[in-house]
Amino acid sequence: LSSSSGLTHESHRKDVEQVYLRCSEGSIEWMYPTGALIVNLRPNISPASYKHLTVCIKPFKDSAGANIYLEKTGELKLLVRDGDRSPSRVYCFSYDQGGLFVEATPQQDISRKITGFQYELMSKGMAADLHTASAPCRPCSDTEVLLAVCTSDFVIRGSIQNVTNEAEEQESVIHVGVNKLYRQKSKVFQLTGESGNWRGQIKTLLECGVKPGDGDFLFTGRMHFGEARLGCAPRFKDFQRMYKEAKDKGLNPCEIGPD
């Protein structure tokens, strides 16, 4: 978390402050914004790898008081306009497209404003998984499912207990009962209640029209801004079939033991 306050620059409203961030994910919080911030993302990897990175930012719901631009060699491209209230909107761009320039907008009372956003740096391949613009609800092919099993942040066998739709955010929340936990990088799925059942939530786009259904599924996906986002999710019996076929041919990319 990087935090800054514009009150220290009250007498110099046109000040530009440089911020350097070394983490691959985190957040920026700018209280009482005045002047501007240049946000330099400098992850602890070889500079030669920078060209393979995608940057995503997600403004706080109550973020206000500044415009956020993409800046390269003095040219500014508006990313987030002050007052834009698009819930859960994520903005992504290639690392080599430029850095972030956050400019305060004129305010009568800056003490009521806080500008903030979360950021993530990821490989371009991982970002493509999260933002498949062409067909985000398309069923995965057998090859895509088997690869997802090896590379996803979470892999579980489970059933859909319920689905709640968040119309404002254009998302659906899948409430999952877990029968077998193969992998999870974050503790999204946890033991709940006296019954000792594992449960968790996975988000996906509202337009995909997910509904509660009988039977088990293999849920895969990635963590994105602290939330589990749905990737490939075939019916479990279909996954068992494709896994066995690939294993018999020696083509399965990794072992998981789907029994």
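## Terms and overview

A disulfide here is a pair of cysteine sulfur atoms within 2.5 Å. With that in hand, the link of C140 and C232 is left-handed, with -90° about its S-S bond. We will come back to this pair below, after a look at the whole chain.

The structure is a predicted model. Its chain has three helices and 16 strands. Of the 259 residues, 41% count as buried, and the accessible surface comes to about 14200 Å². Carbon and sulfur atoms own 49% of that surface. If you are curious about sequence range, take the contacts in the chain with a separation of 6 or more: residues 24 or more positions apart account for 66% of them.

## The four disulfides

A search of the whole structure turns up four disulfides. Number the bonded cysteines in sequence order and the pairing reads 1-2, 3-6, 4-7, 5-8.

Let us start with C56 and C92, whose sulfur atoms are 2.0 Å apart. The torsion about their S-S bond is about 105°, so this disulfide is right-handed. Because C56 lies in strand β5 and C92 in strand β8 (residues 91-94), the pair ties together parts that are 36 residues apart in sequence.

C140 sits in the loop between α1 (124-130) and α2, and C232 in the loop between β16 and α3, so the link bridges 92 residues of sequence. C140 is partly exposed, with 28% relative accessibility, whereas C232 is buried at 9%.

The pair C150 and C254 has its sulfur atoms 2.1 Å apart. About -100° of torsion around the S-S bond makes this disulfide left-handed. It joins distant parts of the chain, 104 residues apart: C150 belongs to helix α2, and C254 to the segment after α3. Both cysteines count as partly exposed, C150 at 23% relative accessibility and C254 at 21%.

## Helix α2 and its cover

Which residues of helix α2 (residues 142-151) are buried? They are V145, L146, A148 and V149. These four cover an arc of only 155° around the axis, which puts them on the same side of α2.

## Salt bridges

The search of the whole structure finds 16 salt bridges. In one of them, K58 pairs with E227, the closest N and O atoms being 3.9 Å apart. K58 lies in strand β5 (residues 53-59) and E227 in strand β16 (residues 227-230), so this bridge ties together parts 169 residues apart in sequence. K58 is buried, with a relative accessible area of 12%, and E227 is partly exposed at 22%.

Another bridge brings D153 and K185 together, with 3.3 Å between the closest N and O atoms. This one links distant parts of the chain, 32 residues apart: D153 is in the loop between α2 and β11, and K185 in the loop between β12 and β13 (190-192).

## A nonpolar patch on the surface

Finally, a look at the outside. L181, L191 and W198 form a nonpolar surface patch with about 260 Å² of accessible area together. With a relative accessible area of 32%, L181 is partly exposed, and patch residues need over 30%.

Key. Residues numbered from 1 in each chain as written. Predicted model: local features only at pLDDT ≥ 70, side-chain atom pairs only at ≥ 80, totals over all residues. Heavy atoms only, no water. Buried < 20%, exposed > 50% of the residue type's maximum accessible area, 1.4 Å probe, protein only. Helix = DSSP H or I, 4+ residues; strand = E, 2+ residues; numbered from the N terminus. Arc of directions from axis to C-beta. Contact = heavy atoms within 4.5 Å. Areas by Shrake-Rupley, 256 points an atom, 1.4 Å probe, with all protein chains shown as cover. Patch = residues over 30% accessible without salt bridge, like charges linked within 9 Å, V, L, I, M, F, W, Y side chains within 5 Å. Salt bridge = Lys/Arg side-chain N within 4 Å of Asp/Glu carboxyl O.
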